[in-house]
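Here is a short report on one protein chain. Keep the sequence and the 3D view open while reading.

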Amino acid sequence: MGDKERVPLHKQLEMCMKLKQYKIKVVDDDIHKLHCIFPGAYGTPYERGLYHLEITLPEGYPDHPPRYKCLNPSGRWVAGGNICMSISADHPESWNPSMGLAGIISGMQEYMTQAGRESGHVVTSDAQKRAFAEQSRSFK
């Protein structure tokens, strides 16, 4: 990716902070550690939930992919555990540096609805996912 195509990290953060569909903030004044809250996808067992995600960007971001951790129980990922997926540091071969923070968060919301057997997943029923969605609204 050429320098003309790169959007600086601070600009990506500014753009994401203006979007209404999710919230994102810098943790402990470290621009490489972010806390994001995104809603569950409409029409899924997650739709009434608010999901807290920690995104850790490596020093080489965007050339190197981030790590992700789901902070609250979701019925999809282990709370407090790392999430392994194609856009994570676990699979740098499939990372696309042009994805950007907004793309990452949208991707997480979509990926959440897909059944998986990756590291960090949990198997739950739709009823359990809906219960976690309701509980997630009071997570702090």
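## Two exposed aspartates

Asp28 is exposed, because its relative accessible area is 70%, above the 50% cut-off. This residue is found in the loop between β1 and β2. The model is predicted.

Asp29 is placed in the loop between β1 and β2 as well. Its relative accessibility is 82%, so Asp29 counts as exposed. Phi of Asp29 is near 55°, again positive in a residue that is not glycine. For background, most residues other than glycine have a negative phi.

## A cis peptide bond

The peptide bond from Tyr61 to Pro62 is cis. Its omega is near 10°. Pro62 lies in the loop between β3 and β4. As a general point, most peptide bonds are trans.

## Leu57, in the loop between β3 and β4

Leu57 also has its place in the loop between β3 and β4. With a relative accessible area of 3%, Leu57 is buried. Which residues does Leu57 contact, leaving aside its neighbours within four places in sequence? They are Leu9, Ile31, His32, Leu34, Pro66 and Leu101.

Leu71 comes 14 residues from Leu57 along the chain. The C-alpha atoms of the two are separated by 16 Å.

## Helix α1 and its partners

Helix α1 spans residues 9-18. Leu9, Gln12, Leu13 and Cys16 are buried in this helix. They cover an arc of only 100° around the axis, so they sit on the same side of α1. The general rule is that an α-helix has 3.6 residues a turn, so residues three or four places apart point the same way. The buried residues of α1 pack against β1 (23-27), β2 (30-39) and α2.

How do α1 and α2 pack, and at what angle? The angle is about 50°, and the axes are 8 Å apart. The two helices are therefore oblique to each other. On the α1 side, the contact is made by Leu9, Gln12, Leu13 and Cys16. These meet Gly100, Leu101 and Ala102 in α2. The residues of this contact divide into five nonpolar, two polar and no charged.

## Helix α3

Helix α3 covers residues 126-136, and Lys129, Ala133 and Ser136 are buried in it. Their arc around the axis is only 65°, which puts them on the same side of α3. The buried residues of α3 pack against β3 (50-56).

## Two buried loop residues with polar contacts

Asn72 lies in the loop between β4 (67-70) and α2 (100-112). Its relative accessibility is 0%, so Asn72 counts as buried. A polar atom of the Asn72 side chain lies 2.9 Å from the backbone nitrogen of His52. Beyond its neighbours within four places in sequence, Asn72 is in contact with Leu50, Tyr51, His52, Ala79, Ser136 and Phe139.

Thr124 lies in the loop between α2 and α3. Is Thr124 buried or exposed? It counts as buried, because its relative accessibility is 18% and the cut-off is under 20%. The side chain of Thr124 reaches the backbone oxygen of Gly75 at 2.6 Å. Not counting residues up to four places away in sequence, Thr124 touches Gly75, Lys129 and Phe132.

Notes:
Residues numbered from 1 in each chain as written. Predicted model: local features only at pLDDT ≥ 70, side-chain atom pairs only at ≥ 80, totals over all residues. Heavy atoms only, no water. Helix = DSSP H or I, 4+ residues; strand = E, 2+ residues; numbered from the N terminus. Buried < 20%, exposed > 50% of the residue type's maximum accessible area, 1.4 Å probe, protein only. Polar contact = N/O pair within 3.5 Å; in protein donor to acceptor, adjacent residues only side chain to side chain. Contact = heavy atoms within 4.5 Å. Arc of directions from axis to C-beta. Axes fitted to C-alpha atoms, helices over the stretch in contact; angles between N-to-C directions. Parallel < 35°, antiparallel > 145°, perpendicular 65-115°, else oblique. Nonpolar A, V, L, I, M, F, W, Y, C, P; charged D, E, K, R; others polar.
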